[in-house]
Every structure is written in structure tokens, then in C-alpha cells.
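User: I would like to go through this model with you, one question at a time.
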Amino acid sequence: AVVSTQSTGCVLHEVAGSKCKKERSKEKAINKLGMESDDYREWNYVPACQKKDDKLWKPQQCKVHKNNARLKRCQCVEEDGTPLTKFTADLNNEKICSSTKCDDVSIVRDYTYELMIENGIMVDAFHFPQCQTKNRAKWEESQCLVGFIKSCWTVNVKTGKRID
């Protein structure tokens with residue numbers, strides 16, 4: 001089944017009945033493969049599942065290099081494991097994928113936009129969060145879509161949630 005991302009409204013990749021716990025088992029086996037295997041990877045990746053429901057992914061997923069545990073790359077995903085971003089060191093902060101701080105959300109949104117472009121998705125309009133200059137954790141009161149469509153709305157400056 002093709003899954004569209006809730007936050008971007010775009011299809012990034014196909015996920016058929018994804019279950020985090022099932023993927024964990026598969027990835028653990030792949031991580032044990034030696035260099036002689038065709039499926040060998042330089043990075044260890046084990047999906048992080050939610051405690052309340054082990055079928056669902058945690059918002060942040062990370063991989064660690066096999067030769068250097070300090071070399072870590074993370075990505076943000078939806079609950080079904082659909083990537084919102086690619087793996088990057090800029091997303092290593094543990095709370096960044098679920099943060100409501102404007103500066104954190106703006107980093108995630110930049111990488112979401114980049115992934116969409118890399119996947120050949122035509123983006124007519126996109127919301128790049130506008131943060132306050134003196135306190136980057138807070139949102140500008142007015143937020144707008146940028147692109148062919150211009151639409152603005154008012155948000156709570158602490159959470160970024162739309163105020164209707």
C-alpha cells in the first residue's frame with residue numbers, strides 16, 4: 001500500500017503493513033552479517049518502536065557506524081516508519097523530531113523539503129517555519145506557505161499550533 005505522509009501530504013515511499021517490531025527483527029539479523037555478504041552494511045540500524053504500541057515507530061530513528069559508535073545519523077519518521085527526512089547528523093538531538101520549538105521544527109521541515117525534492121516531488125507550496133529573531137525557539141505569530149500558493153495563518157508563538 002502506498003502511504004502518504006500526514007504532515008507533508010506527499011507520497012515518499014511504499015510501506016506495506018509496516019510493523020516496527022517485525023522490522024526490528026529483520027534489521028538485527030542484517031546487522032549481524034559479515035563483510036562477505038551481499039547485504040552487508042557499514043551502518044547498524046535497528047528501528048526504535050513506541051512503548052505504547054510496538055507496531056509503531058518512534059519519531060526519531062538512528063543508525064550508528066559499525067567502526068565508530070560516535071558516528072551517528074538520525075532521521076524523522078511517521079508512526080508507520082515512512083521517512084520525513086533522510087539520515088543526517090543534524091537530527092541527532094534526541095527530541096528534535098517531536099519538538100515544538102520553532103528552530104527544531106524548521107530544521108526538520110528543511111530536511112523534509114529536501115527529501116521531497118530528491119524524490120522528484122513537485123512542490124507547489126511549502127511551509128518553512130518562521131522563528132522569532134531574538135528567541136529562535138519561539139514562532140513568529142504569522143506563518144505562511146511559500147510558493148505558487150500564498151496562504152497565511154496565526155499560530156501560538158510557543159507551540160506553533162494554528163489558532164483559528
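User: Is S99 buried or exposed?

Analyst: This is a predicted model, in which local features need pLDDT of at least 70, side-chain atom pairs count only at pLDDT 80 or more, and totals for chains, interfaces and linings use all residues. Residues are numbered from 1 along each chain as its sequence is written, and side-chain values use heavy atoms, with hydrogens and water left out. Since buried means under 20% relative accessible area, exposed over 50% and partly exposed in between (1.4 Å probe, protein chains only), the relative accessible area of 17% makes S99 buried.

User: With which side chain does the side chain of S99 make a polar contact?

Analyst: S99 lies in the loop between β5 (72–76) and α2 (102–118), where helices (H or I, at least four residues) and strands (E, at least two) are DSSP runs numbered from the N terminus. A polar contact is a pair of N or O atoms within 3.5 Å; within protein, one must be able to donate a hydrogen and the other to accept it, and residues adjacent in sequence count only if both atoms are side-chain atoms. At 2.8 Å, the partner of the S99 side chain is the side chain of D104.

User: Which residue in β5 stands opposite C62?

Analyst: Two strands pair if DSSP finds at least two bridges between them, and β4 and β5 pair in the antiparallel sense over five bridges. A hairpin of six residues joins β4 to β5, and the residue standing opposite C62 in β5 is C74.
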